[in-house]
Amino acid sequence: MSTTTTVDRPFRADLLTLDPPRLLGSRCSACGTTTFPPRGFCPGCRSGAELETVPLTTEGRICSFTVVRQAPPGVEVPYVLAQVDLPSDEVRLMATVVGVAPERVALDQPVALELHPVGTADDGTTLLGYRFRAHPEEVAA
Amino acid sequence: MTLAPAHVAGVGMIRFGKYPADVTLEGMAVRAARAALEDAGAGLDTVDGLYVGHVFGGPVAGQRIAAQLGLDGRPVSNHENYCASGATAVREAWVALAAGLHDVALVIGVEKMTDRVAGGVRPDPGDLDAAVGYVMAAGHAMSARRYMADHGATRDQIAAVAVKNHAHSVHNPYAQYQKPIDLAQVLDARPIAEPLGLLDCSPISDGAAAVLLCSPAGLRRLGITASTPRVLGVGLVSGSVQAGLGDPNAEDVSRRAGEQTWELSGVGPDDVDLVEMHDCFTIAEIVRMEGLGLVPRGEGAAWTAAGHTGLGGRLPVNPSGGLLSRGHPVGATGAAQVCELTWQLRGDAGGRQVEGARTGLAYCKGGTVNGTDGGSVTTVVMSR
């Protein structure tokens, strides 16, 4: 008799690591441009220089957002979708934002990366995706 | 580089709208094609090739149409560039004429959406944006919110695009909606992706539009001696991968599409008398006009509210009613825009006529690709 232990894994292995929980980007050795998701070329300089896969900062801020109230069948609404800037990496990406009521979301609001289950693989493994969580608002004045 | 223009011998379309299940994609396309052939006084035997734009029509939709229309056996190609599919088909037909491959080319844009798309269109499931819950309305909603913050524009000014375009559509017998709406109706409509509501969004529609394009030899074959509107050039660019934290409404893809089309057509932005603009959402009309350089950066919302882009204004935009009112059967839209420019340049646009229109521009933007500033963008320049 054997037991199998399933461990969580990223829904796409090239996008994120679980320990520590980080998004992965590519950084150009020639101009320093960082991109997410990782790419096979640098959109900043297109020099063909080597690209390094790097973990991205977990701290972001909201560049813009919407509250989605209507979506195709099977998608639960409402949800907050945002363009999130990672200022220290100069990367912008799209993700859902949780931890704040839709009517309280604001431009430039700080958010932090969070991994969460997005599905189950055929072998029963939980697949993890990424989203951002609004920082607690009770920051000392 | 400048290619020879294509002459528009005839155009035709069916009224866009929601049709029952027994109105098929093929049937709509055949009706539009016959209207264009009749408009040109041309028989099927004059047509060298068929170019069909569609997105959801399935494999060889163009050949299925040809077999019902009577163009079976002829060269047929299918063109998919999402909402720019119809205009992309126009471009390929123009290129074939300029290359001397064909002398008479029939273009059909067609889409049957109401029986296969619900809740809004979205990117391909394989695109990363789809994995995080992206729908097209959400992208434009984020665009609108950033635009208002960056330029001091108001929600009312953005909603004015819908009011204007619906006012124009009253005069368009081919429009899905032909009734005026007021600002309060736009603002009070059911929210779709905040701050945008239902009337900020183009509808899910069925429809077809067709254009018969000719070389000078093709015009002689058809016995046409009168002057016809001409397609001077069709630009096509795609979105580029964005790096950094720049203005999300920069619309560099629109700037590049504009520059390409000025170069292809020999026409400059100051020559344009009217624009058929891809207003899939209210805010999209504003930022794309700015990206093209036809409206000063950050002023598009105020221009709209001031009436500068209405009929009789400085630069009329969407005299047809645009996608918001004409409807948006995605693969048909680019061909319908060419129909509208043709009617405008002939002086046949009735109550929505732009007086003295000599040069018109039609713009489509189709699809999204993660990390880029767009899928495909087409720009058709026509002159009378």
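**Figure 1. The two domains of chain B in a predicted model.** The centres of domain 1 of chain B and domain 2 of chain B, taken over C-alpha atoms, are 23 Å apart. Domain 1 covers 6-116 + 205-229 and domain 2 covers 128-196 + 232-383; these bounds come from an automatic or database domain assignment. The contact between them takes 35 residues from domain 1 of chain B and 37 residues from domain 2 of chain B, where two residues are in contact if their C-beta atoms, placed from the backbone, lie within 7 Å. On the domain 1 side, β1 (6-13), α3 (85-98), β4 (104-112) and β7 (206-214) of chain B each give two or more residues. Of these, α3(B) gives the most, with 7 residues. Helices (H or I, at least four residues) and strands (E, at least two) are DSSP runs, numbered from the N terminus. By class, the domain 1 side has 20 nonpolar, 11 polar and 4 charged residues. Ala, Val, Leu, Ile, Met, Phe, Trp, Tyr, Cys and Pro count as nonpolar, Asp, Glu, Lys and Arg as charged, and the others, Gly among them, as polar.

The model is predicted: local features need pLDDT of at least 70, side-chain atom pairs count only at pLDDT 80 or more, and totals for chains, interfaces and linings use all residues. Residues are numbered from 1 along each chain as its sequence is written, while chains are lettered from A and ligands numbered from 1 in the order in which they are written.

**Figure 2. The largest nonpolar core.** This core has 155 residues, and V90(B), V107(B), I108(B), A210(B), V211(B) and L213(B) touch the most other members. A nonpolar core is a set of buried Ala, Val, Leu, Ile, Met, Phe, Trp, Tyr and Cys residues joined through C-beta atoms within 7 Å. Helix α1 (residues 25-40) of chain B gives the most to the core, with 9 residues. Both domain 1 and domain 2 of chain B give residues to the core, so it lies between them. Not counting residues up to four places away in sequence, A210(B) touches residues including V11(B), A32(B), A36(B), V107(B), I108(B) and A335(B).

**Figure 3. V52(B) and its surroundings.** V52(B) lies in strand β2 (residues 49-53) of chain B. V52(B) counts as buried because it has 31 C-beta neighbours inside 10 Å. A residue is buried if 20 or more other C-beta atoms lie within 10 Å of its own, exposed if 12 or fewer, and partly exposed in between, with C-beta atoms placed from the backbone. Leaving aside neighbours within four places in sequence, the contacts of V52(B) include A61(B), I65(B), V76(B), H79(B), A89(B), I108(B) and V110(B). D279(B) is 227 residues from V52(B) along the chain, and their C-alpha atoms are separated by 22 Å.

**Figure 4. The side of chain B that touches chain A.** This contact takes 26 residues from chain B and 29 residues from chain A. On chain B, α4 (128-131), α5 (136-151) and β5 (191-193) each supply at least two residues. The largest share of this side, 6 residues, comes from α5(B). By class, the chain B side has 17 nonpolar, 4 polar and 5 charged residues.
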